[in-house]
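Today I'm looking up aromatic rings and a helix packing.

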Amino acid sequence: MQPSIAQILKMSPSSDPVVVNGWVRTKRTSKNVAFIAVNDGSTILNIQAVADLEGGAITEAMLTDVTTGAAVRITGNLVPSQGSGQAVELKAQKIEVLGAADPEKYPLQPKKHSLEFLREIAHLRFRTNTFGAMFRIRHAMAFAIHKFFNDRGFFYVHTPIITGSDCEGAGAMFRVTTLDPKNPPLNEDGSVDFSKDFFGKSTNLTVSGQLEGELAAMSLGRIYTFGPTFRAENSNTSRHAAEFWMIEPEVAFADLTDNMDLAEEFLKYLVRYALDNCKDDLEFFDKRLAEEEKTKKQEERSEMGLLQKLHFMLENKFERVTYTEAFEILKNSTPNKKKKFQYPVDTWGIDLQSEHERYLVEKHFKKPTILTDYPKEIKAFYMRLNDDGKTVRAMDVLAPGIGEIIGGSQREERYDMLKKKIEEFKIPEESMWWYLETRKYGTAVHSGFGLGFDRFLMFVTGMGNIRDTAPFPRTTGSAEF
């Protein structure tokens, strides 16, 4: 394979021929010299090809189809760059147009396009600086996730996408069926007879691989899942998608403290990997976010730039505090007393909102924060009940600019207690027999957490909408491409 532009830009000037393949970003002509910026997606940086149009092998007529978006192959040799920003440029000797792009119709012109517009042409938005950077970082973070767990002796487990259980008890799931929607088989009471369906029961797309992950951890010890999950929540917020990817480690013989240690180490590893391996792309996003902040009202602006925020995560030990302690801090805070919070903090047991979480991180502790021991009523059935009977061994990791970024818990390993929780949550016991059975045979303390990959990418890149972290987002009313 021929070298990528990322590799070529690191080469030294030479008379040896070099072949550049890529897509034209811009072309300009000045005094019988054409300057063509070419990008191949391997880096946010373009390579500049310089073509002598006077007395050389290349004429202006040959460059008619060398327009923005055209796929080209340019042969030449590397010479010291006359401009700033790169050490070398390509002195072109031959230019081939492999695929022309009609300049009158090509949607991506050398100007700023809105993110909303780019979502409408998601098949082409990879070619922009913003989305090229996004998907290079997405790749790097996915690779880093696998490396982190592999290096620590975790096993990667593929949990099912089609499931007969609802992990969160939320009910907002996509049904999987082969029954005729116009004429499904019915029971005597008029309900759909799912025993006639493909799987012989009602099935859905999973919202989490956690429950199955727990089963594997009870044998393999340390496992993680990393795969697509689905939620049929009719939400149009900037943080919700119908299809998203989750990372979910489960660790046997680990309590809540072990879980918090793992989550902190994991996040810091990913941030360090991004800073070390995605420097050019992160600098681009840092500048982009700074420009966005200038358009906001003073009171809405972030106090930290993107790179500052990443270093903030890396350089601070995470504060650890209980929900009850955090509730008292928020209740007595100046914003709450002056009614500046959109959601008042007045009654113990409320579900904390993003504005509360960000206040704790950015204003009060000025550190990433882990909240623990939440009221049992606002957390899932599988979380271990504390001795007070009111709270569970839950944890949420809070990050600057976004609030909750990881949610997890020590799992309820006691059979009788878990059975009681399933009854309280009105979950049919017959659908959870296998989960309960693991508490009968060799039960052990175990813990785990979930990190939403797409939301994490919002944090790392500073992008404000989850639709811009996935190649082809699936949201309410949108399943294009």
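This is a predicted model: local features need pLDDT of at least 70, side-chain atom pairs count only at pLDDT 80 or more; totals for chains, interfaces and linings use all residues.

Which charged end sits over the ring of Tyr-435? I found Arg-439 there, with its charged end 4.2 Å from the ring centre.

I stayed with Tyr-435 and looked for a ring partner. Phe-381 pairs with Tyr-435: I get 6.1 Å between the ring centres and 75 degrees between the planes, and over 60 counts as edge-to-face, so I logged the pair as edge-to-face. Next I checked where the two sit. Phe-381 is in the loop between β13 (369–375) and β14 (391–399), while Tyr-435 belongs to helix α12 (residues 433–437), so this pair ties together parts 54 residues apart in sequence.

The structure has 27 aromatic pairs. I noted a cluster linked by ring pairs, with Phe-143, Phe-148, Phe-149, Phe-154, Tyr-156, Tyr-224, Phe-266, Tyr-269, Tyr-273 and Phe-449 in it. Another charge over a ring turned up at Trp-348, where the charged end of Lys-390 lies 4.9 Å from the ring centre.

Last entry: helices. I looked at how α6 (residues 279–294) packs with α7 (residues 306–315) and wrote down an angle of about 120 degrees, with the axes 8 Å apart. On the α6 side I listed Leu-282, Glu-283, Phe-285, Asp-286 and Leu-289, which meet Leu-306, Leu-307 and Leu-310 of α7. Sorting the residues of that contact, I got 6 nonpolar, 2 charged and no polar.

How values were computed. Residues are numbered from 1 along each chain as its sequence is written. Side-chain values use heavy atoms; hydrogens and water are left out. Rings of Phe, Tyr and Trp (its six-membered ring) pair if their centres lie within 6.5 Å; planes under 30 degrees apart count as stacked, over 60 as edge-to-face and the rest as tilted. Helices (H or I, at least four residues) and strands (E, at least two) are DSSP runs, numbered from the N terminus. A charge sits over a ring if NZ of Lys or CZ of Arg is within 6 Å of the ring centre and within 35 degrees of the ring normal. Axes are lines fitted to C-alpha atoms, for helices over the stretch in contact, and angles run from 0 to 180 degrees between N-to-C directions. Contact means heavy atoms within 4.5 Å. Ala, Val, Leu, Ile, Met, Phe, Trp, Tyr, Cys and Pro count as nonpolar, Asp, Glu, Lys and Arg as charged, and the others, Gly among them, as polar.
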